[in-house]
Amino acid sequence: PPSTGSCIVRTWMTFLGFSMELVPLIVKANAINYLFKQGANRNRVRIEKSMLYKIVAAVIACVIVYLIVWTVVDPSTKQSELSLLDDTQVQASHYCASSSRYWRIISQVFLIVLLLIATVMATQGRNVDAGFNESKEMAAMIYSHFVFMLLRVLFFLFGAEVVKNDWGTVIAGMTSIFLSLDTIICLGKYFFPKFRVAKGQTNPVPGRHIYSLPTAETNPVSGR
């Protein structure tokens, strides 16, 4: 059965983990889309990498503050529910929950909003140069997150009707499986290929800025 400590850790790992994954991807995709859009208009743009880091840090800081308030005011703790099996047997189901369900609802709505924004970013990046285009990888990752999030919600809402015996433990186990599968798919589809590409770059180019250079159909010097 879960403990109060494991319930709190589970809440932090799930909410903070998804936020730390999605927020940097959204900021990165938005910066790339903006650069290529300005490049198509033949405008020169400079984006400070430090500014991108600050945006990510600010959003993650808000998430951490929310989790701290949640943990202090109404932490997710071990809950028990008794069910009568027959005239002589009573079964206890254990699960994690806060006194108010709105804490979890707000966190799930926030993650859904992040998924929707990431979907828009992936759609806008379809026409970006192939060397920077991550729309397919982001779409696959977003689809995986959405499917497994939907499964977790449905199993939490209707699991008690499907699983009659010790449904709290079964739901906790299935949630762990869904999160593990979701993580494995995202690592294999998006992050591991990035590691291979980074490993193959023997001479990375350092820099503090990201530039978008003007494009032109002809070279004004050579005429070609």
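**The core and its surroundings**

Modeller: I47 is buried, with a relative accessible area of 12%; buried means under 20% relative accessible area, exposed over 50%, and partly exposed in between, with a 1.4 Å probe and protein chains only. This is a predicted model, in which local features need pLDDT of at least 70 and side-chain atom pairs count only at pLDDT 80 or more, while totals for chains, interfaces and linings use all residues. Residues are numbered from 1 along each chain as its sequence is written, and side-chain values use heavy atoms, with hydrogens and water left out.

I47 lies in strand β1. Helices (H or I, at least four residues) and strands (E, at least two) are DSSP runs, numbered from the N terminus. The protein has five helices and four strands, in the order α-β-α-β-β-α-α-α-β from the N terminus. From I47 to L35 there are 12 residues in sequence and 8.5 Å in space, C-alpha to C-alpha.

I47 is also among the residues with the most contacts inside the largest nonpolar core, a set of 34 residues; the others are F15, V23, L67, L111, L114 and M138. A nonpolar core is a set of buried Ala, Val, Leu, Ile, Met, Phe, Trp, Tyr and Cys residues joined through side-chain atoms within 4.5 Å. Two or more residues of this core come from each of α1 (4–40), β1 (45–48), α2, α3 (102–124), α4 (135–162) and α5 (167–200). The most come from α1, which gives 11 residues. In soluble globular proteins, nonpolar side chains tend to be buried together. Of the 224 residues of this protein, 32% count as buried.

L67, another of the residues with the most contacts in the core, is in contact with T11, W12, F15 and L16, leaving aside neighbours within four places in sequence. Contact means heavy atoms within 4.5 Å. Among contacts in the protein with a separation of 6 or more, 75% join residues 24 or more positions apart.

M149 is in helix α4 and counts as buried because its relative accessibility is 7%. Apart from neighbours within four places in sequence, M149 is in contact with Q108, L111, I112 and L115. M149 and L179 are 30 residues apart in sequence, with 8.5 Å between their C-alpha atoms. E21 belongs to helix α1 and counts as buried at 14% relative accessibility. Not counting residues up to four places away in sequence, E21 touches M141, H145, C186 and F191. E21 and C186 are 165 residues apart along the chain, and their C-alpha atoms are separated by 10.0 Å.

A loop residue can be read in the same terms. S98 sits in the loop between β3 (90–97) and α3, and is buried, with a relative accessible area of 14%. With neighbours within four places in sequence left aside, S98 is in contact with W70, D74, P75, S76 and W103. The side chain of S98 reaches the backbone oxygen of D74 at 3.0 Å.

Last, the outside. V72 is in helix α2 (residues 49–73) and counts as exposed because its relative accessible area is 65%.

How values were computed. A polar contact is a pair of N or O atoms within 3.5 Å; within protein, one must be able to donate a hydrogen and the other to accept it, and residues adjacent in sequence count only if both atoms are side-chain atoms.
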